[in-house]
Amino acid sequence: MSKKIFVKILTDPDVDLRKCVVGLACAAQAINDGHRLDIFFASNGVKLLQTQYLESINGILNLPEGMSTKLMTTVIEGAENIYCSTGSQEANGIRPDNAEGILLDGWKEWMTWSGPPGVIELSINSDTQLVY
């Protein structure tokens with residue numbers, strides 16, 4: 001039976017990168033298992049949406065080559081909604097007007113900038129919530 005899963009990643013990857021990767025892996029697994037996924041990147045978890053940062057993860061954690069990118073690609077292609085915190089991105093120096101070339105390719109098509117209203121909306125509409 002398919003469930004609506006909401007994953008929220010807010011851990012700073014500079015503090016606990018493995019926890020962030022586990023969050024991405026669980027989100028990808030939910031999609032692969034046929035569940036409907038919404039995901040919200042908040043606080044410093046928004047760093048995972050930066051191309052250069054995401055590509056550096058495999059070497060830092062000694063993961064198989066391309067693993068972090070593969071997990072994120074699964075999420076991008078399979079999630080129903082992908083939100084990021086506008087305020088958290090701005091705290092990291094990224095805004096919609098300067099995000100090109102910093103955030104993952106195609107972000108304008110698949111990502112919604114939001115804040116607490118988005119978190120509440122996705123929470124209310126979910127069957128299960130996972131927070132990393």
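Q: Which strands does helix 1 (residues 13-32) lie across?
A: Helices (H or I, at least four residues) and strands (E, at least two) are DSSP runs, numbered from the N terminus. In this predicted model, local features need pLDDT of at least 70 and side-chain atom pairs count only at pLDDT 80 or more, while totals for chains, interfaces and linings use all residues. Residues are numbered from 1 along each chain as its sequence is written, and side-chain values use heavy atoms, with hydrogens and water left out. Helix 1 lies across strand 1, strand 2 and strand 5, and runs at about 165° to strand 1. Axes are lines fitted to C-alpha atoms, for helices over the stretch in contact, and angles run from 0 to 180 degrees between N-to-C directions.

Q: In what order do the five strands form the open sheet?
A: Two strands pair if DSSP finds at least two bridges between them. Here the order is 4-3-2-1-5, with parallel pairing. Strand 4 and strand 5 are the edges, each pairing on one side only. From one strand to the next the twist averages 20°.

Q: How many bridges join strand 1 to strand 2?
A: Six bridges join these parallel strands.

Q: Which residues of helix 6 (residues 116-124) are buried?
A: Buried means under 20% relative accessible area, exposed over 50%, and partly exposed in between (1.4 Å probe, protein chains only). In helix 6, G118, V119, L122 and S123 are buried. These residues lie on the same side of helix 6 because they cover an arc of only 130° around the axis; the arc is that of the directions from the helix axis to the C-beta atoms. On the other side, P116, P117 and I124 are exposed.

Q: What covers the buried residues of helix 6?
A: Contact means heavy atoms within 4.5 Å. The cover includes strand 1 (4-9), strand 2 (36-41), strand 3 (81-85), strand 4 (111-114) and strand 5 (128-131).

Q: At what angle do the axes of helix 2 (residues 51-61) and helix 3 (residues 67-78) cross?
A: Angles under 35 degrees count as roughly parallel, over 145 as roughly antiparallel, 65 to 115 as roughly perpendicular and the rest as oblique. These axes come within 7 Å and cross at roughly 135°, which makes helix 2 oblique to helix 3. L54, E55, I57 and N58 of helix 2 meet M67, S68, T69 and M72 of helix 3 in the contact.

Q: Is Q52 buried or exposed?
A: Q52 lies in helix 2. Q52 counts as exposed because its relative accessibility is 70%.
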